[in-house]
Each structure stands twice: as structure tokens, then as C-alpha cells.
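Hi there,

Here is the structure I promised to pass on. Have a look at it first, and then read on for what turned up.

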Amino acid sequence: MRKGVRQVLRTLKEGELIVVRWYDACTWRDVPNSMKNPKKVDSPIVSVGAYGGLVKGEKLTYLRLVVERKPDSSDITYVPLVLIDSVERGAMNFPKKEVRNYAQIQRWFGGEEGGV
């Protein structure tokens, strides 16, 4: 994990809106056996949600990201810290093309009409 990520994580409070850029595993199907090194295997992900703290698993430590809160439950993404490239506070300052369902995220978090 990068030093800048550690510094941001130390100062976050639970419930604070964050943007997490991280790398996920990827699967390619029907890859020819002759292909040894594909040109691109990185799978960059941009996740937006509320900081839910850090959670220790058996082998790794995870960032707990609450991506949707419902009356009786929540949807949570657990991102391994070792896969995180950056964490930014609440500003929705990332390109629209990086996020699927950008319009839904804008509505959920208040968009340009006043924030969270």
C-alpha cells in the first residue's frame, strides 16, 4: 500500500464519503495456449461509498466500503489494502467514463446540487 493511502486512511472518520481506486482480479476466457504475456491484464476499479473502517481477515486487511445503505441492511465492498492505488475524500472529481451507473451515483450522493 502506498504511503499517501496510509496517510488518508489514518484521518478518515466512519461514514465519510470516499472514492477508492484499486485493482481487481480479471478473468480472460479462451486464451490461446501460445499467449504468454498479454499487453494489459490490469483491471482498474473505481468504487464510491462511505468509509466503514478497516477489517482484519485471516491473511489480509481490508477497507470496508459501504456502497449502499438500506433500512435494515447494507451492501459492503471489502477491498484488500494491498490492491488500493488511491483514496480520495468525498469530492466527485473523477471522469464519468470511469464509473458505471454514474447517474445513479450522482443521485445517491447528491451530485452537483450540494454534495452528501
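Leaving aside its neighbours within four places in sequence, which residues is S43 in contact with? Keep in mind as you look that this is a predicted model. The residues that S43 touches are W22, Y23, D24, A25 and C26. S43 itself lies in the loop between β1 and β2. Is S43 buried or exposed? It counts as buried, because its relative accessibility is 19% and the cut-off for buried is under 20%.

S47 is found in strand β2, which covers residues 44-56. S47 counts as buried because its relative accessibility is 11%. Its side chain makes a polar contact with the side chain of W22, at 3.0 Å. Beyond four places in sequence, S47 is in contact with I18, V19, V20, W22 and L65.

Now for the overall layout. The protein chain has two helices and five strands, and from the N terminus on the elements run α-β-β-β-β-β-α. Of the 116 residues, 30% are buried. The accessible surface of the chain comes to about 8500 Å², and 48% of that belongs to carbon and sulfur atoms. If you take the contacts between residues at least 6 apart in sequence, 55% of them join residues at least 24 apart.

On to the strands. β3 pairs with strand β4 (residues 74-80) in the antiparallel sense, over seven bridges. The two are joined by a hairpin through four residues, and V66 stands opposite I76 in β4.

In soluble globular proteins, nonpolar side chains tend to be buried together. The largest nonpolar core here has 14 residues, and those touching the most other members are L9, L12, I18, V20, L63, I84 and V87. Two or more core residues come from each of α1 (3-11), β1 (17-23), β3 (61-69) and β5 (84-89). What does L63 contact, leaving aside its neighbours within four places in sequence? The list is L9, I18, V20, Y51, G53, L54, T77, Y78, V79, L81, I84 and V87.

Happy browsing, and do write back with any questions.

Best wishes

Technical notes: Residues are numbered from 1 along each chain as its sequence is written. This is a predicted model: local features need pLDDT of at least 70, side-chain atom pairs count only at pLDDT 80 or more; totals for chains, interfaces and linings use all residues. Side-chain values use heavy atoms; hydrogens and water are left out. A nonpolar core is a set of buried Ala, Val, Leu, Ile, Met, Phe, Trp, Tyr and Cys residues joined through side-chain atoms within 4.5 Å. Buried means under 20% relative accessible area, exposed over 50%, partly exposed in between (1.4 Å probe, protein chains only). Contact means heavy atoms within 4.5 Å. Accessible areas come from the Shrake-Rupley method with a 1.4 Å probe; for residues, only the protein chains shown count as cover. A polar contact is a pair of N or O atoms within 3.5 Å; within protein, one must be able to donate a hydrogen and the other to accept it, and residues adjacent in sequence count only if both atoms are side-chain atoms. Two strands pair if DSSP finds at least two bridges between them.
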